[in-house]
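Welcome! Take a look at the picture, then read on.

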Amino acid sequence: VFDVLVVGGGPAGASAAIYSARKGLKTGVVADKFGGQVSETLGIENFISVQATQGPKLVAQLEEHVNQYEVDIMKGQRALSVSADELLSIELESGATLKAKSIVVATGARWRSMNVPGEAEYKGRGVAYCPHCDGPLFKGKPVAVIGGGNSGIEAAIDLANIVEQVTVLEFADTLRADDVLIKKARSLPNITIITHAQTTQVLGDDKKVTGLTYIDRDTHVEHQLPVAGIFVQIGLIPNSEWLQNSDVALTQFGEIEVDGKGATSMSGVYAAGDVTSSAFKQIIIAMGSGATASLGAFDYLIRHDTS
Ligand code: FAD
């Protein structure tokens with residue numbers, strides 16, 4: 001029986017595990033893939049105090065740090081559900097069940113991709129998902145933002161300060177962002193908005209992105225747009241499907257609702273990082289919330305665990 005069982009091995013999970021182990025609690029981490037989204041990231045320049053690093057390097061350092069403590073890391077294991085009797089249980093895809101007195105859910109999120117030719121090939125080489133992370137890489141260059149919802153228009157406004165020109169491509173005939181954002185975007189001289197545009201291909205020169213093609217859904221004419229970067233902003237999906245039939249309350253977007261201590265609606269279950277309703281999704285934020293959730297779980301244990 002674990003005192004704290006962390007589900008997820010990204011920055012939030014690693015942080016939660018270290019904080020729990022440092023309290024002398026019996027801590028386990030169960031993760032499908034240790035490292036999470038960070039493993040898929042090339043350059044990281046906003047992890048404060050580390051001027052520049054790379055995803056795989058940071059993942060190795062995270063694991064090394066967790067391994068400094070007596071933490072049982074179970075990799076390649078997917079959680080399927082959580083339930084409660086006297087203890088909390090996590091049922092795994094392998095058929096095994098893990099028991100714990102408290103749980104920190106840190107299963108993260110995944111970006112919805114366009115699923116067009118070239119997208120996967122040029123991921124990290126011009127195809128980007130995070131304007132806060134990768135915007136500065138395209139300083140003075142033309143970029144496209146795919147998606148005209150709030151995140152797409154926010155990204156366009158953000159990028160317009162840095163890059164030469166932003167072209168927003170929206171599939172539908174209208175933008176789905178808040179009016180105030182649309183107004184702001186339309187007022188900026190270097191943002192162009194094209195609706196009814198279906199992105200069909202990412203173009204590149206084998207090394208990096210050189211442009212994209214899209215079809216005008218009215219005329220069916222194909223256009224080419226030369227760009228150095230493509231920010232895909234068509235949704236961030238929380239990895240919370242496995243909690244749908246549990247007592248853990250989710251928002252309408254599937255994010256776990258947490259309070260200031262990282263507590264969810266299910267007693268003893270805490271959550272951190274991109275899977276929660278936290279306003280912004282970044283490594284440093286995920287690590288901070290992992291610490292919060294872990295301290296929240298500790299607080300819960302000293303009040304509830306009398307064994
Ligand atoms: P994740 O990193 O998503 O980790 C989730 C963990 O949960 C993984 O271990 C996963 O295997 C596991 N998991 C999921 N479901 C299950 C399950 N059912 N059972 C067991 N385990 C499960 N942020 C920055 O601050 N700077 C950057 O430069 C930056 N660049 C990025 C570039 C890319 C391409 C991407 C995709 C993201 C980038 N981000 C960046 C965002 C950052 O990576 C995330 O905010 C951060 O990783 C979130 O951490 P997390 O621990 O909440 O979740």
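The buried residues of α1 are P11, A12, G13, A14, S15, A16, A17, I18, Y19, S20 and A21. Before going further, please keep in mind that this is a predicted model. Helix α1 is mostly covered, with eleven of its eleven residues buried. What do the buried residues of α1 pack against? They pack against the strands β1 (2-7), β2, β5 (71-75) and β8 (97-105), together with the helices α2 (55-67) and α6.

One of these partners deserves a separate visit. Helix α1 (residues 11-21) and helix α6 (residues 283-304) have axes that come within 7 Å and cross at roughly 35°. The crossing of α1 and α6 is right-handed. On the α1 side, the residues that take part are P11, A12, G13, A14, S15, A16, Y19 and S20, and they meet I283, A286, M287, S289, G290, A291, A293, S294, L295, A297 and F298 in α6. Sorted by class, this contact of α1 with α6 has 13 nonpolar, six polar and no charged residues.

Is R22 buried or partly exposed? R22 is partly exposed, because 13 other C-beta atoms lie within 10 Å. The C-alpha atoms of R22 and Y69 are separated by 7.6 Å, although these two residues are 47 residues apart along the chain.

Now step back to the whole chain. Its domain assignment gives domain 1 (2-110 + 237-304) and domain 2 (127-232). The C-alpha centres of domain 1 and domain 2 lie 33 Å apart.

Of the 38 residues around the ligand, G8, G10, G36, G108 and G273 come nearest. The elements that give two or more residues to this shell are α1, β2 (27-31), β9 (109-111) and α6. By class, the shell around the ligand has 19 nonpolar, 13 polar and six charged residues.

## Helices α4 and α5

A second pair of helices is worth a look. The axes of helix α4 (residues 150-160) and helix α5 (residues 179-187) come within 10 Å, crossing at roughly 35°. The crossing of α4 and α5 is left-handed. Here N150, I153, E154, A156 and I157 in α4 meet L181, I182, K184 and A185 in α5. By class, the contact of α4 with α5 has six nonpolar, one polar and two charged residues.

Which residues of α4 are buried? They are S151, G152, I153, A155, A156, L159 and A160. The cover over the buried residues of α4 includes the helices α3 (131-134) and α5, along with the strands β11 (142-146), β12 (165-169), β13 (191-194) and β17 (229-232).

## A few residues to look up

Strand β3 is the place of G43. With 14 C-beta neighbours inside 10 Å, G43 counts as partly exposed. Leaving aside residues up to four places away in sequence, G43 touches A52 and Q54. The C-alpha atoms of G43 and D134 are separated by 8.3 Å, and the two residues are 91 residues apart along the chain.

Next come two residues in loops. S49 lies in the loop between β3 (43-44) and β4 (53-54), and N115 lies in the loop between β9 and β10 (127-128). Phi of S49 has a positive value in a residue other than glycine, and phi of N115 likewise has a positive value in a residue other than glycine. S49 counts as exposed because it has 5 C-beta neighbours inside 10 Å. N115 counts as exposed because it has 7 C-beta neighbours inside 10 Å. The table sets out their values.

| Residue | Phi | C-beta neighbours inside 10 Å |
|---|---|---|
| S49 | near 90° | 5 neighbours |
| N115 | near 60° | 7 neighbours |

Notes:
Residues are numbered from 1 along each chain as its sequence is written. This is a predicted model: local features need pLDDT of at least 70, side-chain atom pairs count only at pLDDT 80 or more; totals for chains, interfaces and linings use all residues. Axes are lines fitted to C-alpha atoms, for helices over the stretch in contact, and angles run from 0 to 180 degrees between N-to-C directions. Helices (H or I, at least four residues) and strands (E, at least two) are DSSP runs, numbered from the N terminus. A crossing is left-handed if the near helix is turned anticlockwise from the far one by less than a right angle, and right-handed if clockwise. Two residues are in contact if their C-beta atoms, placed from the backbone, lie within 7 Å. Ala, Val, Leu, Ile, Met, Phe, Trp, Tyr, Cys and Pro count as nonpolar, Asp, Glu, Lys and Arg as charged, and the others, Gly among them, as polar. A residue is near a molecule or strand if its C-beta atom, placed from the backbone, lies within 6 Å of it. A residue is buried if 20 or more other C-beta atoms lie within 10 Å of its own, exposed if 12 or fewer, and partly exposed in between; C-beta atoms are placed from the backbone. Domain bounds come from an automatic or database domain assignment.
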